[in-house]
Structure formats: C-alpha cells, structure tokens
Amino acid sequence: QHPREKIRCVEFEMRRCEACAEAGQTLQHVAAHWFGADWLQIWGSNPEIVNPDSLHDNVLLRLGPVYHVKPGDTLSRIARRFGVAVTFLQRLNPEVGSGDVLHAGQPLCILPRVCPPEAYA
C-alpha cells in the first residue's frame, strides 16, 4: 500500500422491492427492466404517481410487496401461490441462489402475476 492511499469501507443498504427511476423513464420502462413486471401493478403500488409516463428523476418506486417466508415454505410453493416461475423469484431475490431452501422470516420480493396466464395468450 502506498503511504498516501487510504482504504475506505462503504456500507450500502439495499431496499427490497424498491427501485429508483432514472431520468426520462416511464413506469413501462421500469417494469420492463424488472423482468417484465406489470407496469399497472407498479403504478398501483405507488398511488402518489399521477402520470405513469412522466416520472420524477430518481423517484423511489415500490415494485411490489415483501413476503416473509413462513415455516415450511419453499420457493416452489411460493412461486405457485403467486403465479410466477421459480426463476422469476430467484432473479428478484438473488441472495436466494439456485436452491429451494428458505428460512422462516426471510424477506422475499414478490411481483405476483395479476392476470391468469390465459389472459396473456
């Protein structure tokens, strides 16, 4: 280490199921970024947004609810309950990894399917 170099530690707080809109984004842009989430659902989670096509820069958005794992829950069961794929839950919650093992009380970001699959056909 060079005598003038300083080592700094930085701590980040990652907010579960929340995201910041970037300059010029709409709710449709934000939803597409979050693995094809439903922009209407995100709009419903943010009643303070008047126009989904005109977001303030860096506005903090709630993407969906945070589910707290119950004893006996598995990723597969939670995915079935909310009508989404296990891989979708894993992408929203990367700390879960590829396994199906969860711990009671563990928070998970959930973006449940708002329409049955046949509605998308």
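**Terms and their grounds**

Author: Let us begin with Thr-74, which lies in the loop between β3 and α3; helices (H or I, at least four residues) and strands (E, at least two) are DSSP runs, numbered from the N terminus. This is a predicted model, in which local features need pLDDT of at least 70 and side-chain atom pairs count only at pLDDT 80 or more, while totals for chains, interfaces and linings use all residues. Residues are numbered from 1 along each chain as its sequence is written, and side-chain values use heavy atoms, with hydrogens and water left out.

Reader: Which residues is Thr-74 in contact with, leaving aside its neighbours within four places in sequence?

Author: Contact means heavy atoms within 4.5 Å, and with those neighbours left aside Thr-74 is in contact with Asp-100 and Leu-102.

Reader: What makes Cys-17 and Cys-109 a disulfide?

Author: A disulfide is a pair of cysteine sulfur atoms within 2.5 Å; the sulfur atoms of Cys-17 and Cys-109 are 1.9 Å apart, and the two form a disulfide. Cys-17 lies in the segment before β1 (18-20) and Cys-109 in strand β4, so the pair ties together parts that are 92 residues apart in sequence. With 90 degrees about the S-S bond, this link is right-handed.

Reader: Which residues of helix α3 are buried, and why do they line one face of the helix?

Author: In helix α3 (residues 75-82), the buried residues are Leu-75, Ile-78, Ala-79 and Phe-82. Seen down the axis of α3, they fall within an arc of 100 degrees (the arc of the directions from the helix axis to the C-beta atoms), so they line one face of the helix. On the other side of α3, Arg-80 and Arg-81 are exposed.

Reader: What covers the buried residues of α3?

Author: The cover includes β3 (66-68), α4 (86-92) and β4 (107-109).

How values were computed: Buried < 20%, exposed > 50% of the residue type's maximum accessible area, 1.4 Å probe, protein only.
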